[in-house]
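Work through the exercises below with the sequence and the model side by side. Each task is followed by a solution that goes step by step.

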Amino acid sequence: MSLSVPQHILDALTDVAMPRLGVEPEPTDSLSVAEFDIPVTRCGSLVIGSGAAGLRAAVEMKRRGVDVAIISQSAWGGTSACSGSDKQTLHTANTKDQGDNYQAMAAAIRAGGAMDEDTAYIEAVGSIRAMASLQYLGLPLPQDDLGGTLRYQTDHDEVGRATSCGPRTSRLMVKVLAEEALRLNIPFYNHSTAVKVLTEGQGAHTRILGVLAVRSRTGSDKNPYGLALYLCNALVIAAGGPGEMYRDSVFPNGCFGTLGLALETGLELVNITESQFGIGTRREGFPWNLSGTYVQVIPHVYSLDADGREHHFLADYYRSTQEMASNVFRKGYQWPFHASRMLDFRSSLVDVAIYRENQKGRRVFLDFNRNILPVPGDLEFDLSRLDQDVRTYLNGTGADQDLPIDRLRHMNPLAIELYKRYKVDITSDPLEFAVNNQHMNGGIAVDTWGRTNIAGIYAVGEAAGTHGATRPGGSALNAGQVFGTRVAEHVAASNTAITPCDRPASTQALAAVKDIKSLLNADSALAIIDVRDEVQARMSDHAGILCSAEDVSKAHQDAERLTNEIKRQGLSVSRPAEVGHALQWQQMALASRAVLCALDHYISHGGGSRGARAICDPDGASLPEARTGPLSDLRFRPEREEDMHSQILVGFDGEKFAITTRANRVFDPNAKSVFERDWPAWLTGEIFDLHKDDDQAR
């Protein structure tokens, strides 16, 4: 991409208008519960969430004859519609060059450990189908003149399986899937916040019944909380990750996810110790990941203290200008922080340096109008004096311009246009940024069909814990599309959601309403904003990229105290419009406690540093170094090999958490399918393992 790209094309790939929702169907009936008159909508299958994964599940279910509806807290307001990076990645095996195969791709997806091998293979083998169907719907993925998909290298990806249609790739995915959902007349209930999942049955025989939501538009004298009930035979949870859990977060505002809701329902969580952190602009302005060309053009990185003095702090960490500049570049495809890359003067020293500057109270900036300043006593920055991999990349793209902004304008003008849309002109002004939480790799535990431990409940996208400790950049978008389709196939094959749910729910609805009323206490000393500030500060300060056993243990105790205090005295709510928010923060407090509980368990049992976090330990075997000497306070435990082969499960019984581990499911790469032998399993539906659901329901 170069300056020859016309402005109207740049505009079309940056300003992606979303479709207007259709007329919302009227409720099916109503239910009087505890003096509340609650509207009831009945459907065969209900999807919570309107991101790319949820829309894919809804569209594929509708195509297969399932009676499906969607509820969303804010249509087109979630992570996949509103966040990304300079050329947001879709990870795929499709190509005409650099020959690939499913097993190699699966191995790359699961290479970080703590991931099921069969899940990785499913994501690999499903990637071509997922991408081809998106292209069929109109996603403008770039091709060469022979029809091959253009690709590039991203993080944890040594082959180059990434493709992109610009910074708005996931928003464009949401757009084409939303247009298809509207074309198929899938009912869509906007501004509906799921707050309680209703189930029936006991123990292993529990099954889905419906969802109680808060909707401001349904509020009335007879329904002051604005409750709405959605009864269903199948439920797909696709409401994204817990973006509000961290103060330092690149998630769009209002992204709560459903981890707390899932725990209250009795769903198991997995791998919630694993997240992604990386550099990005703060959520107070325009939250965006600064991967790819934003750093590959090697802008100057500096901080400002309270007196306005500028600090060239990266020079304290790297031994030469060449080493420093090359590692700033590498943040483009080594974007997430990784503990092992703090060693040997590698790229995660950049993250550590930025994090420590912020801890000092300094603000950190990228300046695209200056080349990176030299390390004291060393040569000035020069494009000809860079590490071989960096020189090869920049030479191959023709990025030999004098200034970073000109290199960025040459390599990716969309990166400039994007910030201009949010009143930030990086052609003239520096860009403030920080190390932020970006993605939850763990989530609700699911099997190879997206099923949870409760019959009829599925999870897809970031809500599902299908990733391991690390993952290739963009594989999450692919996973949501692949598993959205598989969930739809399974729901359709079960034949339980073809018609709307006709079961009664008075008993369960009454219990849910009583739970909500017990939380709301005008006399409580706990305000919603206080819970928010405490949860976010604790997670960012004690469960970010640098952790210690003592810190995490103390944070775990404090999180438990907070959830117990919320349960004891409730939350202060002054008006009905705050009810949904109060429930979300009560559930977020529970989710943060779960993360800290699992992390405390992992560290106290000897767990070491991997993807998201460095476990700092004065007795640790790994010691990062800087130009100024060893970084003794950052000495950390390396990851144990055994931990790569297992996953941590978290359950909640309403009072306490149960932490267990299980081995990764394995996949035999030598197993071969045989057409004549295996076709009957497809024809009869045996591949869907439906007897498991029947056994649960009985």
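This is a predicted model: local features need pLDDT of at least 70, side-chain atom pairs count only at pLDDT 80 or more; totals for chains, interfaces and linings use all residues.

**Exercise 1. Describe the chain as a whole: how many helices and strands does it have, and what is its radius of gyration?**

Solution. Begin with the elements, of which there are 21 helices and 26 strands. The radius of gyration, taken over C-alpha atoms, is compared with a globule rule of 2.2 Å times the number of residues to the power 0.38. For 698 residues a compact globule would come near 26 Å, and the chain has 25 Å, which agrees. Along the principal axes, the C-alpha atoms fill a box of roughly 75 × 60 × 50 Å. Turning to burial, 59% of the 698 residues count as buried. Finally, among contacts with a separation of 6 or more, 75% are made by residues 24 or more positions apart.

**Exercise 2. Find which parts of the chain the pair of F256 and W585 ties together.**

Solution. The structure holds 18 aromatic pairs; rings of Phe, Tyr and Trp (its six-membered ring) pair if their centres lie within 6.5 Å, and planes under 30 degrees apart count as stacked, over 60 as edge-to-face and the rest as tilted. For F256 and W585 the ring centres are 5.2 Å apart and the planes stand at 80°, so this pair is edge-to-face. F256 sits in the loop between strand 11 (234-237) and helix 8 (259-265), and W585 in helix 19 (residues 579-604), so the pair ties together parts that are 329 residues apart in sequence. Both F256 and W585 are buried.

A second pair, W682 with F688, is tilted, with 6.5 Å from centre to centre and 45° between the planes. Here W682 is partly exposed at 49% relative accessibility, whereas F688 is buried, with a relative accessible area of 8%.

**Exercise 3. Explain why helix 20 is said to lie largely in the open, and look at what follows it.**

Solution. Helix 20 covers residues 675-684, and of its 10 residues the number buried is one, so the helix lies largely in the open. After helix 20 comes G685, with a positive phi near 80°. From there, turn to A493, a residue of helix 15 (residues 475-494), which is partly exposed with a relative accessible area of 29%. A493 and T684 are 191 residues apart in sequence, and their C-alpha atoms are 9.9 Å apart in space. Not counting residues up to four places away in sequence, A493 touches F688 and L690.

**Exercise 4. Locate E35 and K423, and state what is positive in each.**

Solution. Start from the background that most residues other than glycine have a negative phi. E35 has a positive phi near 70° and lies in the loop between strand 1 (29-33) and strand 2 (36-42), where it is exposed at 79% relative accessibility. K423 also has a positive phi, near 65°; K423 belongs to the loop between helix 14 and strand 18 and is exposed at 78% relative accessibility.

Key
Residues are numbered from 1 along each chain as its sequence is written. Side-chain values use heavy atoms; hydrogens and water are left out. Helices (H or I, at least four residues) and strands (E, at least two) are DSSP runs, numbered from the N terminus. Buried means under 20% relative accessible area, exposed over 50%, partly exposed in between (1.4 Å probe, protein chains only). Contact means heavy atoms within 4.5 Å.
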